[in-house]
Structure formats: structure tokens, C-alpha cells
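The sequence and the structure are shown first.

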Amino acid sequence: MKRLVATIALFLSFIPAAFSAEDVYRACSNLVYGYAYHRDNFNAEEFSNLFTEDASLSVLGQNWVGRDNIRARIDSIREGNTGRHEMSTIFIEPIDDTHATGVSYATIYSAPPGENTVSGPAFIGEYHDEFVLTEEGWKIAKRTLKRRYILE
């Protein structure tokens with residue numbers, strides 16, 4: 001009997017622990033915050049590594065598919081306007097052990113290169129996300145930015 005219990009315990013030690021809802025929330029929220037930080041600082045490599053290899057990113061009708069294209073997007077805007085993503089409400093909903101969805105609110109400020117004065121937000125919207133657990137950890141599989149308010 002002792003051998004059986006020891007064998008079962010050894011076998012169970014090799015089974016990965018399931019993620020709790022709190023673990024999923026924390027991991028996916030960190031992706032949301034990482035997106036804002038790396039996007040605003042033009043960290044193309046770190047930014048693209050938040051996504052799966054075949055991820056899709058849709059921002060105001062422009063679409064990029066694949067980690068390489070997402071990285072190239074950040075490289076291409078490096079000389080453009082500076083921006084700040086202010087992320088607020090983040091709602092993450094686990095679907096199963098390897099999938100989750102999320103919605104996060106974003107207020108985005110933008111200023112021309114070299115300037116730091118803004119009169120208000122450039123955009124107020126929501127990111128709608130699909131997350132997946134990969135061998136590299138949780139990643140964004142699909143992200144879509146949707147306008148919430150029209151600014152005057």
C-alpha cells in the first residue's frame with residue numbers, strides 16, 4: 001500500500017498545477033500593462049513577445065498578423081507621435097485551462113515628436129482580448145481596439 005501511495009504521489013508531482021482564476025487574472029493583466037508600457041516606449045521586441053507567434057492585432061481598422069508583423073509595426077512608428085496608454089478597468093474571464101478573454105479600458109494621449117503638451121486625450125476606447133496559455137506562458141492571441149467615445 002505504501003508503494004502504491006508513493007507511486008501515485010510521484011506521478012501527481014509531474015502533472016502541472018492548474019492555474020487559479022487569480023493566476024490567470026494576474027498573468028493576463030500583466031500582458032495588458034506590458035502592452036501599454038512597451039508600446040509607449042517603442043520596445044518592439046518586448047512588445048511583440050507579449051503575443052503568440054500567429055497573433056492578430058487590430059487598431060482602428062489596421063491589422064497585423066503574426067509576431068514579426070506586430071514587431072515591425074512598433075519599429076515603423078518609432079519616429080512618430082509620442083503616446084501614453086492609461087489603462088484602467090481590466091476584466092479578465094478564464095474560459096478553460098488554456099484560454100481567457102478580457103476587456104480593458106484605455107485613455108490614450110498623444111503629442112507630436114519632441115513635445116509633451118496635450119489638451120486632452122486623443123482616444124478613449126476598449127481593448128478586447130483573447131489570451132492563450134503557451135509553452136512561453138500566457139500570451140495575447142487576438143487584440144482589437146474599439147472606439148468608445150468620439151472626442152470633440
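## Overall fold

The structure is a predicted model, and its chain holds 4 helices and 6 strands. Read from the N terminus, the order of these elements is α-α-α-β-β-α-β-β-β-β.

The chain has 152 residues, and 35% of them are buried.

## The nonpolar core

The largest nonpolar core contains 29 residues; Y35, F51, L57 and F131 are the ones that touch the most other members. Two or more of its residues come from each of helix 2, helix 3 (44-48), strand 1 (51-59), helix 4, strand 3, strand 4, strand 5 and strand 6 (137-149). Helix 2 supplies the largest share of this core, namely 6 residues.

F51 illustrates how such a residue is surrounded. When residues up to four places away in sequence are not counted, F51 touches Y35, L57, R67, I70, K139, I140 and R143. Among these partners, Y35 and L57 are, like F51, listed with the core members that touch the most others.

## The largest pocket

The volume of the largest pocket is about 410 Å³. Its lining consists of 23 residues, and those nearest the centre of the pocket are R39, R73, H85, I108 and S110. Helix 2 (21-40), strand 2 (62-65), helix 4 (67-77), strand 3 (82-96), strand 4 (99-111) and strand 5 (123-134) each give two or more residues to the lining.

Which element gives the most to the lining of this pocket? Strand 3 does, with 4 residues. By residue class, the lining is made up of 11 nonpolar, 8 polar and 4 charged residues.

## Two residues with positive phi

F42 is not a glycine, yet its phi is positive, at about 55 degrees. This residue is found in the loop between helix 2 and helix 3. With a relative accessible area of 11%, F42 falls under the 20% limit and is therefore buried.

L60 is another residue other than glycine with a positive phi, in this case near 50 degrees. The loop that holds L60 runs between strand 1 and strand 2. Is L60 buried, partly exposed or exposed? Its relative accessible area is 47%, so L60 counts as partly exposed.

## W64 and N69

W64 is part of strand 2. Because its relative accessible area is 16%, W64 is classed as buried. Residues up to four places away in sequence aside, W64 touches A55, S56, L57, V59, N69, I70 and R73. One of these, R73, is also among the residues nearest the centre of the largest pocket, and another, L57, is named among the core residues that touch the most other members. The C-alpha atoms of W64 and D54 are 9.8 Å apart, and 10 residues separate the two in sequence.

N69, one of the residues that W64 touches, is located in helix 4. A relative accessibility of 42% makes N69 partly exposed. N69 and S56 are 13 residues apart along the chain, and the distance between their C-alpha atoms is 9.3 Å. S56, like N69, is listed among the contacts of W64.

F91 belongs to strand 3. Apart from neighbours within four places in sequence, F91 is in contact with T101, G102 and V103. From F91 to S104, the C-alpha distance is 6.2 Å, with the two residues 13 apart in sequence.

Y149 is situated in strand 6. Its relative accessible area is 46%, and Y149 is therefore partly exposed. Where does Y149 stand in relation to F123? The two are 26 residues apart along the chain, and their C-alpha atoms are separated by 7.7 Å.

Note on methods: Residues are numbered from 1 along each chain as its sequence is written. This is a predicted model: local features need pLDDT of at least 70, side-chain atom pairs count only at pLDDT 80 or more; totals for chains, interfaces and linings use all residues. Side-chain values use heavy atoms; hydrogens and water are left out. On a 1 Å grid over the protein atoms alone, a cavity is a set of points where a 1.4 Å probe fits but cannot get out, and a pocket is an open set with protein on both sides within 12 Å along at least five of seven lines; lining residues have an atom within 4 Å of a point. Grid points are joined across faces, edges and corners, and a volume is the space filled by probe spheres set on the points. Ala, Val, Leu, Ile, Met, Phe, Trp, Tyr, Cys and Pro count as nonpolar, Asp, Glu, Lys and Arg as charged, and the others, Gly among them, as polar. Buried means under 20% relative accessible area, exposed over 50%, partly exposed in between (1.4 Å probe, protein chains only). A nonpolar core is a set of buried Ala, Val, Leu, Ile, Met, Phe, Trp, Tyr and Cys residues joined through side-chain atoms within 4.5 Å. Contact means heavy atoms within 4.5 Å.
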